[in-house]
Amino acid sequence: MQTTKQFVLLELLRQKGNWVSGDELAEELNISRESIWKAINTLKRKGNQIVSRKNLGYKYIGNESLDEDTINFYSGMKFENDIFVFDEVTSTQEVAKQYLTTHEVKQPLVFVANNQSQGHGRRGRKFYSPSDTGLYFSLILPNPSHDILKIGLLTTSAAVSVVKVLEKFYEDKNFKLKWVNDIYLDTYKVGGIITEAALDLESSSASNFIMGIGLNLATKEFPDELLGKVKGINPDINIDRNQLIAEMAQEVIANFSNYTHPDLIEEYRKRSLLVGKEVTLKLGTSSVKGEVQGIADDGSLVLKGDTGKLQSFTSGEVIKVDW
C-alpha cells in the first residue's frame, strides 16, 4: 500500500516538468491540503527538487540523491520492495551476501549505495567509490536450476548490458570492454563488474549469483595510485542516477535469463578493447604474453604466443596492455 509521500512523488514524476495542483492531489487522496504540504517537505528532505508556486501547485525538477521510490518509478514499477538504497556501506557485494544468509530470495533484488568504504572488484582489488559521483550497486540473481553457470559468459553478457545503457545516456562516448569485466574510455578504466556465486553447501550448487557493478560517472579526483589509470565518464554533466540504475538493472536482469545467446557475445566482441593488442595475462603466480586474437564463443580470451600457437583462457587477469 502506498504512503502519501510515495503517491505524491509518483504523481510528480509522472508529470515531471509540469505543474501539479496540490488541491487535486489532496482531493484524489481524500486528505487535507496540509497533509500534501507535509509530504512535499518530506520529499524535499530526501533530496527531491520540487518548486512551488501559488495558484500553480508543485513542479518536480529532479533528485541528485539515490531514492528507492524514484528508481522503482523509472523501472516501470517493477522493483517495488526489491530495492535497498544506502548512503554508505562497506560494499554492496557484502551487503547482498549478508542478506542471503538470512533470506530466501525468489526474485532479483537490487542493493545500491551512494558511497562504498571498501568497494572492490575481482581478486579483492579496491574500487574507488566516493559519494555522489558514481553508481555502485549489486544484484542478487536467483538461480532456480542451481546449475553452476558459465561464469565467463555471465560476466560478458552483463558487460554488454551495462555498456548498452551507458551508450544511451552518454551518446558521445565510445565505450570499450577490457576482458573480462572492465569498462573503458580510451585507455582509462571507468567501471567494472564482479560476478560471484552463492553456493548451497548441501547440494554443492549455485543457489544465487551476486553481481556487483561500479561506475565512476562524474568523479574528478582519484587517489595517487590510480592517476593515469582511471577517470570519470564525464565530470561536467549530471546524469540522473536513479533513472540510470533503473534501466541498467533491468537490462542486466533481462539478459541474465538469456546470457548464452550468441548475439550477446558478438556484441561483446564488437566492443573489445584488446583484439590485436599485445597483452600480459596473469594466471595465479605465473603469467603469459601474447597477441589477442579474439573472444571465443564461451567468453574465453584467445592469445597467440611467440610460437604462433593459439591458446584460450577462461580465467586470468590482463595486467598489461601494449597500447
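**Stop one: a serine in the interior**

Select Ser138, which is buried, with a relative accessible area of 0% (buried means under 20% relative accessible area, exposed over 50%, partly exposed in between, with a 1.4 Å probe and protein chains only). This is a predicted model, in which local features need pLDDT of at least 70, side-chain atom pairs count only at pLDDT 80 or more, and totals for chains, interfaces and linings use all residues. Residues are numbered from 1 along each chain as its sequence is written, and side-chain values use heavy atoms, with hydrogens and water left out.

Ser138 belongs to strand E6 (residues 134-142); helices (H or I, at least four residues) and strands (E, at least two) are DSSP runs, numbered from the N terminus. Next, display Thr92: its side chain makes a polar contact with that of Ser138 (2.7 Å). A polar contact is a pair of N or O atoms within 3.5 Å; within protein, one must be able to donate a hydrogen and the other to accept it, and residues adjacent in sequence count only if both atoms are side-chain atoms.

**Stop two: the nonpolar cores**

Now select Phe137, Leu166 and Met248, the residues with the most contacts inside the largest nonpolar core, which has 77 residues. Such a core is a set of buried Ala, Val, Leu, Ile, Met, Phe, Trp, Tyr and Cys residues joined through side-chain atoms within 4.5 Å. Helix H6 (residues 151-169) gives the most to this core, with ten residues. A second, separate core of eight residues includes Val105 and Phe111.
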